[in-house]
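Colleague: I would like to go through the terms used for this model. Please set each value against its definition.

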Amino acid sequence: MPLNGLFYAVLEALLLVVALSMDAFVASFAYGAQRIKIPFSSAAIISVICTAMLAVSLLAGALLRPFLPQGLTRGLCFALLFLLGVAKLCDSAIKTLIRRHKRMHRQVSFSVFSLKFILADPEKADRDGSRVLSPAEAASLAVALSLDGLAVGFGAALMQVNVLIVMLFSLAVGMLAVRLGGKIGNRAAQKLSFDLSWF
């Protein structure tokens with residue numbers, strides 16, 4: 001691969017992974033703001049699971065790419081990202097509604113095609129109340145965080161992104177996002193007197 005092509009492949013992979021890691025960063029910030037610790041092992045589990053799910057979607061996209069016309073590929077990529085954005089807006093609106101109405105049950109669930117989806121506050125990830133995110137709780141959180149990667153990874157592979165570079169960046173940046181988010185959230189909670197968990 002020419003040096004110029006390698007530079008763009010690395011830059012493209014880095015931007016993709018940073019965008020996907022924002023959810024992990026913000027979720028970790030929320031846990032840190034609630035004084036919930038995320039140990040190194042739990043952060044590693046989140047990073048590995050998110051990367052594995054992203055790898056599956058990247059490989060699926062790479063396998064299907066030769067069979068799809070170029071025009072359809074672009075349309076499919078746009079549709080995936082558009083639907084993902086709409087889902088994020090709806091998710092955010094529902095969680096804001098739950099927080100504003102204190103008497104409302106703190107967990108909302110719905111079913112689609114026999115699959116049950118649960119929307120809950122971020123701090124509810126600490127199910128045992130230990131103020132530490134255990135490996136099992138981290139795995140559950142990672143599955144929720146990796147749903148974005150399934151859609152985006154599939155679309156990215158259709159547009160011929162470098163799978164190996166993306167996976168390597170995903171492991172490193174995902175781990176960094178979780179560790180950094182937790183530490184910044186915890187420090188912000190120590191210095192500021194108002195509730196930061198809404199963030």
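Colleague: What is Ala13 in contact with, leaving aside its neighbours within four places in sequence?

Modeller: Ala13 is in contact with Ile165, Val166 and Phe169, once neighbours within four places in sequence are left aside. Contact means heavy atoms within 4.5 Å. Ala13 itself lies in helix 1, residues 3-33. Helices here are DSSP runs of H or I with at least four residues, strands are runs of E with at least two, and both are numbered from the N terminus.

Colleague: On what basis do you give these values?

Modeller: This is a predicted model, where local features need pLDDT of at least 70, side-chain atom pairs count only at pLDDT 80 or more, and totals for chains, interfaces and linings use all residues. Residues are numbered from 1 along each chain as its sequence is written, and side-chain values use heavy atoms, with hydrogens and water left out.

Colleague: Why is Ala13 called buried?

Modeller: Buried means under 20% relative accessible area, exposed means over 50%, and partly exposed lies in between (1.4 Å probe, protein chains only). Ala13 has a relative accessible area of 0%, so Ala13 is buried.

Colleague: What makes Val178 buried?

Modeller: Val178 has 1% relative accessibility, so Val178 counts as buried. Val178 belongs to helix 6. Not counting residues up to four places away in sequence, Val178 touches Ala24, Ser28, Ile38, Ala43 and Ile46. From Val178 to Phe29 the C-alpha distance is 8.0 Å, across 149 residues of sequence.

Colleague: Why is Ala62 called partly exposed?

Modeller: The relative accessible area of Ala62 is 23%, so Ala62 is partly exposed. Ala62 is in helix 2. Its C-alpha is separated by 9.8 Å from that of Gly153, 91 residues apart along the chain.

Colleague: Which residue has a phi near 60°?

Modeller: Arg35 has it, a positive value in a residue other than glycine. Most residues other than glycine have a negative phi. Arg35 is in the loop between helix 1 and helix 2. With 42% relative accessibility, Arg35 counts as partly exposed.

Colleague: Now the helix pairs. Why are helix 2 and helix 6 called roughly antiparallel?

Modeller: Helix 2 (residues 40-64) and helix 6 (residues 163-191) pack at an angle of about 150°, with axes 8 Å apart. Axes are lines fitted to C-alpha atoms, for helices over the stretch in contact, and angles run from 0 to 180 degrees between N-to-C directions. Under 35 degrees counts as roughly parallel, over 145 as roughly antiparallel, 65 to 115 as roughly perpendicular, and the rest as oblique. Helix 2 and helix 6 are therefore roughly antiparallel.

Colleague: Which residues make that contact?

Modeller: Helix 2 brings several, including Phe40, Ala43, Ser47, Thr51 and Leu58. Helix 6 supplies, among them, Val163, Ser170, Gly174, Val178 and Arg179. By class there are 15 nonpolar, four polar and one charged residues. Ala, Val, Leu, Ile, Met, Phe, Trp, Tyr, Cys and Pro count as nonpolar, Asp, Glu, Lys and Arg as charged, and the others, Gly among them, as polar.

Colleague: Is Ser47 buried or exposed?

Modeller: Ser47 has a relative accessible area of 4%, so Ser47 is buried. Ser47 is in helix 2. Beyond residues up to four places away in sequence, Ser47 touches Ser170, Leu171, Gly174 and Met175.

Colleague: What makes helix 2 roughly parallel to helix 4?

Modeller: The axes of helix 2 and helix 4 (residues 135-145) come within 8 Å and cross at roughly 30°. That makes helix 2 roughly parallel to helix 4. The contact has eleven nonpolar, two polar and no charged residues.

Colleague: How many helices and strands does the protein chain have?

Modeller: The protein chain has six helices and two strands. Along the sequence they follow the pattern α-α-α-β-β-α-α-α. Of its 199 residues, 37% count as buried.
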